[in-house]
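Thank you all for coming. I would like to walk through one structure this morning, taking the chains in turn and then the place where they meet.

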Amino acid sequence: MECKFEEQICAAVDRCLPETEMASFLEHAQQCPPCRREFEMQGAVKSFIAKGMHRLAVPEDLRDCLHRQVLSSPPPSVFFGELFRRQFFRPALALGIIALVVIFYYVRPTSEPGIKQAGIGNIIEQSLANYFAVMNGTIEPQVKTSEAQIVKNFFEGKTGFEVLVPQIRECTLVGGVLNEASPGVPLAHVVYTDQDNRLLYLYQACWDNIDAKHLYLPDSVRSSLVRTKWYTETRADGHTIVLWLHGRTLCAAVAHMDKEELLACLQSDETLQ
Amino acid sequence: MTALFKTSAKQHEFNREAIPHMDILYNYALRMTNNKEDASDLLQDTFLKAFRFWDKYEKGTNIRAWLFRIMKNSYINRYRKEVKEPGKVAYDEVKEFYNTVRDEASEANDLQETVFKNLFEDDVAKAIAELPEDFRTVVILCDLEGLPYEEIAEFVECPLGTVRSRLHRGRKLLREKLTDYARRRGYVTND
């Protein structure tokens, strides 16, 4: 079809022509069958697609997941910069620091060094508790995907240590959770399921934060990690915990498997050194 | 052990300005990938990156176009790897297709009436998915999402004339594909 009005057909269908040009085109189309036919056909296609194809809303669970991921991101440092510039902030901050020093000096805990409160801050117990929390839905992945790169992107820049999202044999990645054991002590959690839909949970923390104040390991576990870089323990209920060090990252894997089976799952260059 | 969620000004701003465009981006991702899981992954990737680089977004400019660009780059990085010549339309194939189309089909209105009313949404989705990517993009953005030419041109980084040309050819190809489906199902005969 060779007609000088041909290149206006599309714009006419989309009502994008100025009024005078639209009027000229419509007048021409009445006298030019090829242009009229093309105009009507394109209009029919456009109308058919627009009416025939339903626009879908983002699924609720995906929307919630994205909302949580945005909300769970730590506030940017810009906020603190602006806060610090406010007139009364610095004196208030100084008073606060003095008050904390006084409180710490006079009201500090009197427990003897070396005695750890059972359960609190113990990485082994925390890993198990989190595993059960994921299983019963108390903790839900903030990012839900089977793509490792998306989970890595989710954690990037937020933890201060390398978060592993390994390829675990015969397991499917479910997602990840980011939170803190205490302010300034980030934790990364990565969740998998195996072919029998059993949960395999990874808990990751920075080795530098493993001390008496925030997180700790029993002495026997710590010495095994330092010596051999890994530690395993199987509980009476059949749950196994495997700990290993990857650079500065302490990883703990928990699953309802025996030791050999869990180790076989984890065997890859990336996760065990 | 619970996470302490503290909503910052940045999060408020992002929720207010970017999140409302989630549906339109999801639909675009769905039509481009033709797969709900891939579309979900693409959407997540896009919004996580958008939030991470929120400081790079110039306030007051077209937020939707900015989000679409992020999605386009994510799509290119993830899904174009297998394509031999990513981003290029095989115009020789398109030209050959045009040459084989029978323009002497029955009157336009009768054909639309016969063809379109019997086709299902799946057929249309399949036909759109089979379009060359450059045509598919403009058809989705214009006919499905109703974006103006200027915004589409900004998104595909082409002049307005190119957008119009791709729309013209995309719709023509789509029409022929839908007619072909209808022919195979017996809604339209070759008489």
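**Two chains and their contact**

Read along the sequence, chain B follows the pattern α-α-α-α-α-α-α-α-α-α, and the count for this chain is accordingly 10 helices and 0 strands. Before I go further, please keep in mind that this is a predicted model, and that what I describe was computed from it. Chain B has 191 residues, of which 34% are buried, and if we take its contacts with a separation of 6 or more, 69% of them are between residues 24 or more positions apart.

Let me stay with chain B for one helix pair. The axes of α2(B), residues 22–33, and α4(B), residues 63–79, come within 11 Å of each other and cross at roughly 25°. Since angles under 35 degrees count as roughly parallel, α2(B) is therefore roughly parallel to α4(B), and the crossing is right-handed. On the α2(B) side the contact is made by B:Leu25, B:Tyr28, B:Ala29, B:Met32 and B:Thr33, while α4(B) contributes B:Leu67, B:Phe68, B:Met71, B:Tyr75 and B:Tyr79. Sorted by class, the residues of this contact are 9 nonpolar and 1 polar, with no charged residue.

Now to chain A, which has 10 helices and 7 strands. Of its 273 residues, 31% count as buried, and residues 24 or more positions apart account for 58% of its contacts with a separation of 6 or more.

On we go to β3(A), residues 185–194, which runs antiparallel to β2(A) and is joined to it by 10 bridges; here A:Glu180 stands opposite A:Pro186. These two strands, β2(A) and β3(A), form a hairpin with 2 residues between them, and A:Gly184 in the turn has a positive phi of about 85°.

Is α9(A), residues 219–228, well covered or hardly covered? It is hardly covered, given that the count of buried residues among its 10 residues is 0. Following α9(A) comes A:Lys229, with a positive phi near 75°.

Finally, the interface, where 42 residues of chain B are in contact with 44 residues of chain A. On the chain B side, α1, α2, α3, α6, α7, α8 and α10 each supply at least two residues, and α3(B) gives the most, with 8 residues. By class, that side of chain B has 22 nonpolar, 10 polar and 10 charged residues.

Technical notes. Residues numbered from 1 in each chain as written. Chains lettered and ligands numbered in written order. Predicted model: local features only at pLDDT ≥ 70, side-chain atom pairs only at ≥ 80, totals over all residues. Pairing = 2+ DSSP bridges. Helix = DSSP H or I, 4+ residues; strand = E, 2+ residues; numbered from the N terminus. Buried ≥ 20, exposed ≤ 12 C-beta atoms within 10 Å, placed from the backbone. Contact = placed C-beta atoms within 7 Å. Axes fitted to C-alpha atoms, helices over the stretch in contact; angles between N-to-C directions. Parallel < 35°, antiparallel > 145°, perpendicular 65-115°, else oblique. Left-handed = near helix turned anticlockwise from the far one by under 90°. Nonpolar A, V, L, I, M, F, W, Y, C, P; charged D, E, K, R; others polar.
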